[in-house]
Amino acid sequence: MERVTHWINGKPWGEPAARHGEVFDPTTGEVAAHVDFATATDVDQAVQAAAQAFPAWSRTSLARRTTILFRFRQLLLEHADEIAATVSAEHGKVRSDARGEFDRGLEVVEFACGIAHLLKGEFSENVATNVDTYSVRQPLGVVAGITPFNFPAMVPMWMFPLAIACGNTFVLKPSEKDPSASIMLAELLAEAGLPDGVFNVVHGDREAVEAVLDHPQIAAVSFVGSTPVARHIYETAARNGKRVQALGGAKNHMVVLPDSDLDVAADAAVSAGFGSAGERCMAISVVVAVDPVGDDLVERIRERAAQVQVGPGTDPASQMGPLISAAHRDKVASYLDPERTGGGTVVLDGRGRTVDGHAGGYWLGPSLVDQVRPGTPVYDDEVFGPVLSVVRAASYDEAVEIINADTRGNGVAIFTNDGGMVRRFRMDVTAGMMGVNVPIPVPMSFYSFGGWKDSLFGDLSIYGPDGVRFYTRPKVTVSRWQEHSSVDLGFPTNQ
Ligand code: NAD
């Protein structure tokens with residue numbers, strides 16, 4: 001049985017683990033590997049390695065840091081297919097989708113390669129007679145990242161490239177469900193020449209997370225995962241004096257206005273609703289059909305969804321893989337039960353979907369529930385699977401009211417050909433990322449990613465310019481160079 005272990009101080013951890021978990025192959029339901037679960041003592045070892053590496057790394061020139069990041073980028077490209085295959089094997093998503101998440105993570109590495117430009121400070125000459133003022137941004141120290149199962153390569157890459165480019169050292173606690181990609185990234189960072197201790201990985205569950213939150217030498221925590229855990233991370237880490245950004249769950253709505261092209265909208269709803277089996281924080285989970293397009297749109301979505309090829313990620317014909325676990329599959333499927341649809345009509349039922357030769361896989365076919373209303377479990381809960389809801393709205397105003405009443409505000413999309421309505425929607429809607437005829441509006445790496453309301457706890461979004469702000473703190477210097485001085489007990493004023 002393969003053993004996935006921690007990566008501490010530039011090498012795999014050599015000690016026996018007190019606890020471990022199982023990593024499943026979601027296409028067969030069989031155990032594929034064991035993953036070590038870190039105790040507080042193990043987490044401390046990683047933090048000590050990171051703390052020892054910090055003084056030298058934070059003083060390493062920007063030119064040297066950039067050289068390592070460029071080498072890392074090159075190595076990533078050389079190992080792209082291997083990483084995508086590992087992500088696909090442990091998560092279940094199809095290979096092309098795994099390669100897509102890899103590419104979006106790579107983008108952040110490329111952004112971090114420009115760190116010399118991103119860290120430029122400000123300088124004001126002669127703010128008072130003979131006095132200059134300037135500001136620089138300096139690293140925080142040891143920072144930690146805690147990441148979810150659904151993007152085992154991309155979400156860690158949302159965090160550590162900028163964190164280490166800014167001069168911090170890093171401890172990653174990836175999802176215990178698909179832990180191997182993080183170790184591949186660690187190996188490539190080492191091969192790129194990153195000094196030992198700058199990047200460390202500890203695997204585990206809640207016990208490891210609590211050890212990170214309680215560790216006095218960790219200065220900041222980035223978290224991506226579900227809303228209840230994000231809230232807990234935010235509150236605990238902040239109480240312990242850490243800087244924290246905690247990205248939570250989502251319920252992304254896609255509004256279809258009557259003037260939109262319904263084929264375009266139906267293609268988008270199916271792609272964004274069922275891609276990665278709906279296990280994306282930016283998946284469309286609710287289509288809001290504005291009268292009178294509902295019946296027509298639902299039929300077009302149903303036709304397309306029924307044709308989605310479900311199968312193992314290794315098969316190039318597959319468009320959608322299995323879910324992450326049997327328990328999650330059963331939970332997602334339960335949202336098709338009458339007590340959870342709350343009067344909604346199941347127009348496509350993916351329960352009972354089987355895949356030849358993969359009887360034990362965690363399969364659930366695309367499912368569509370029409371006439372869903374807020375206040376029902378299928379609407380209120382983050383389903384996080386291939387169950388797409390359709391809510392009918394009488395007007396644009398009602399559509400916006402429904403969306404804005406929701407507690408989450410990650411992504412939102414509007415489908416229309418009316419530029420004026422787009423402008424109105426941008427001003428009206430309470431979500432952090434908006435797509436116009438684009439169902440999954442994930443910002444490029446030179447913008448930042450973050451939702452509103454219960455989709456992000458903290459002040460700064462992740463990666464992009466906010467990432468640089470999050471992983472650095474400003475220092476302002478006021479300086480005077482002059483030959484003569486005198487004693488003056490007055491408060492300094494600008495003259
Ligand atoms: P999760 O919240 O269960 O787990 C995330 C991380 O927290 C994992 O590393 C896990 O080990 C740890 N964890 C889990 N339960 C914990 C607990 N009780 N105490 C402390 N730590 C705990 O999330 P998941 O199921 O791995 O991922 C799916 C969720 O992540 C969805 O809700 C999805 O919307 C969200 N997500 C959000 C974004 C975003 O950018 N907003 C991106 C990706 C995923």
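Which residue has a backbone N or O atom that lies 2.8 Å from an oxygen atom of the ligand? That residue is Thr147. The pair counts as a polar contact (N or O atoms within 3.5 Å; within protein, one must be able to donate a hydrogen and the other to accept it, and residues adjacent in sequence count only if both atoms are side-chain atoms). Taken alone, the ligand exposes 840 Å², and the protein buries 89% of that. Accessible areas follow the Shrake-Rupley method with a 1.4 Å probe; for residues, only the protein chains shown count as cover.

The model is predicted: local features need pLDDT of at least 70, side-chain atom pairs count only at pLDDT 80 or more, and totals for chains, interfaces and linings use all residues. Residues are numbered from 1 along each chain as its sequence is written, and side-chain values use heavy atoms, with hydrogens and water left out.

A polar side-chain atom of Glu176 lies 2.7 Å from a ligand oxygen atom. For Glu382, the distance from a polar side-chain atom to an oxygen atom of the ligand is 2.5 Å. The shell around the ligand holds 27 residues, where a residue is near if one of its heavy atoms lies within 4 Å. Lys173, Glu176, Ser226, Gly248 and Glu382 come nearest. By class, the shell has 14 nonpolar, nine polar and four charged residues. Here Ala, Val, Leu, Ile, Met, Phe, Trp, Tyr, Cys and Pro count as nonpolar, Asp, Glu, Lys and Arg as charged, and the others, Gly among them, as polar. Helix 8 (206–214) and strand 11 (218–224) each supply at least two shell residues. Helices (H or I, at least four residues) and strands (E, at least two) are DSSP runs, numbered from the N terminus.

The ligand sits in the largest pocket, a term that requires more than half of its atoms to lie within 2 Å of the grid points. A cavity is a set of points where a 1.4 Å probe fits but cannot get out; a pocket is an open set with protein on both sides within 12 Å along at least five of seven lines. Lining residues have an atom within 4 Å of a point. Grid points are joined across faces, edges and corners, and a volume is the space filled by probe spheres set on the points.

The largest pocket contains about 850 Å³ of space. Its lining comprises 37 residues, of which Pro148, Phe223, Gly225, Ser226 and Val229 lie nearest the centre. Helix 6 (154–165), helix 8, strand 11, helix 9 (227–239) and helix 12 (326–334) give two or more residues each to this lining. Helix 9 provides the largest share, five residues. The lining has 17 nonpolar, 11 polar and nine charged residues.

The second largest pocket contains about 530 Å³. It is lined by 19 residues, and Val131, Arg480, Asp488, Pro492 and Thr493 lie nearest its centre. Strand 6 (122–128), strand 7 (131–139) and strand 23 (472–480) each supply at least two lining residues. Strand 23 gives the most, with three. By class, the lining divides into six nonpolar, 11 polar and two charged residues.

The whole structure holds three cavities of 30 Å³ or more. Of its 15 lining residues, Gly278, Arg280, Ala283, Ser285 and Phe384 are the closest to its centre. Seven of the lining residues are nonpolar, five polar and three charged. The second largest cavity has a volume of about 50 Å³. Its lining includes Trp7, Gly10, Asp196 and Phe199. Helix 7 (residues 180–191) contributes the largest share, three residues. Eight residues of this lining are nonpolar, two polar and one charged.

Two backbone features lie in loops. A cis peptide bond joins Asp291 and Pro292, with omega about 10 degrees. Pro292 is found in the loop between strand 14 (284–290) and helix 11 (294–306). Ser276 has a positive phi, near 55 degrees, in a residue other than glycine. Ser276 belongs to the loop between helix 10 (262–274) and strand 14.

Key. On a 1 Å grid over the protein atoms alone, a cavity is a set of points where a 1.4 Å probe fits but cannot get out, and a pocket is an open set with protein on both sides within 12 Å along at least five of seven lines; lining residues have an atom within 4 Å of a point.
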